Amino acid sequence: MIEYVATPAGTEHFELAEGPVWDAARSRLLWVDILRGLVVEGTLLESTLSGAGAGAGAGVDVVRRHQFDEMVTAVVPAEDGRLLVAAQERLVVIGVDGERAIGPRVVTAGASRRTNDGAVDPAGRFLIGTLALGGQTNEESLYRVERDGSLLTLDDDLGLSNGLAWSPDGRTLYSVDTLERRIWRRSYPKSGAPGERELYLLIEDGYPDGMCMDTDGYLWIAMWGAGEVRRYAPDGSVAAVVRTTAPHTSSVAFVGPDLDRLLITTARQNLTPEQLVDYPDSGLLFLADVDATGVPATAWSGNFGR
């Protein structure tokens, strides 16, 4: 098994950084701080773009922030540069001029749940899951938001819907149920309803969170509480581990023009004051050089919010 070490990509601490995605068309990094209601846009430093190692000045500069008065759980770029944001209960579209348009509701108003991790499928449609705010119910959902804003339910019996990724050919969807420690997979046709899910991985020694896919068909999964990202081979074995100095690794994405850098988000959430002293890098973004390249993210192509 190969081991890599990730190093901090900046000095700003986030409470619950999540959902990193590389917008290749605009050379920008997007992510959210769920608890602070922040959508963040960033750029990679020039030393990163020139191929410097993670310890040689590589980093992320924050260039723009979008503040919400509620939690925000995911952000993805649209084809025309707009941003689709999953707010606490519904979707919001931020125009290139910063103006906001309210999109479809995902969670019933006042329900004891919120949206969670989201991603765009190979056909340009947005998928978004939910989690319970009052304890595990095993009634959480994963939805596909159709281009007109209607919702297609993929799952409605999850403990906590989390990371999403597609195989390099786009024909298989992988999805995380964090509390059940399961990675599901299902066939995913470009049109029509996805296939029945089947268990791909049961992770008995940790809680899987966000994830991404590389071009060799390996999943990179952030392990909440373990301070690491694991690379899982198609047969389910662990092929590599990326270590960080923050225990709550929350999500991961390939970034940069060649999609050959690994960006890892982390959190301060649920850490005691004593733990924050022991792990002062908690909440930072991290970067690592790894021997893999990522599958490009697809831009959202929905029609609502214009």
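Reply: Two strands are said to pair if DSSP finds at least two bridges between them. The model shown here is a predicted one.

Me: How do you know that strand β16 and strand β17 pair?

Reply: Strand β16 (residues 172-177) and strand β17 (residues 182-187) are joined by six bridges. The definition asks for at least two bridges, so the two strands count as paired. They run antiparallel, and tyrosine 174 stands opposite arginine 185 in β17.

Me: What makes β15 and β18 edge strands?

Reply: Each of them, β15 (161-166) and β18 (198-202), pairs on one side only. They belong to an open sheet of four strands in the order β15-β16-β17-β18, with antiparallel pairing. On average, neighbouring strands of this sheet are turned by 25 degrees against each other, direction ignored.

Me: Why is valine 93 called buried?

Reply: Its relative accessible area is 2%. Buried means under 20%, so valine 93 is counted as buried. Valine 93 lies in strand β9 (residues 90-94). Leaving aside residues up to four places away in sequence, valine 93 touches Arg82, Leu83, Leu84, Glu99, Arg100, Ala101, Trp300, Phe304 and Gly305.

Me: Why does threonine 130 count as buried, and what does its side chain reach?

Reply: Threonine 130, in strand β12 (residues 126-132), has 2% relative accessibility. The limit for buried is under 20%, and therefore threonine 130 counts as buried. Its side chain reaches the backbone nitrogen of serine 141 at 2.9 Å.

Me: What makes a set of residues a nonpolar core, and which members of the largest one touch the most others?

Reply: The members must be buried residues of the nonpolar kinds, such as Val, Leu and Trp, joined through side-chain atoms within 4.5 Å. The largest core has 34 residues, of which Trp220, Val242, Leu262 and Val290 touch the most other members. Among the elements that give two or more residues to this core are β3 (17-23), β20 (219-224) and β24 (261-266). A second, separate core of 17 residues includes Ile34, Val39, Met71 and Val85.

Me: Which residues does valine 290 touch?

Reply: Not counting residues up to four places away in sequence, valine 290 touches Tyr4, Trp220, Val242, Phe254, Asp260 and Leu262.

Note on methods:
Residues numbered from 1 in each chain as written. Predicted model: local features only at pLDDT ≥ 70, side-chain atom pairs only at ≥ 80, totals over all residues. Heavy atoms only, no water. Buried < 20%, exposed > 50% of the residue type's maximum accessible area, 1.4 Å probe, protein only. Contact = heavy atoms within 4.5 Å. Axes fitted to C-alpha atoms, helices over the stretch in contact; angles between N-to-C directions. Polar contact = N/O pair within 3.5 Å; in protein donor to acceptor, adjacent residues only side chain to side chain.
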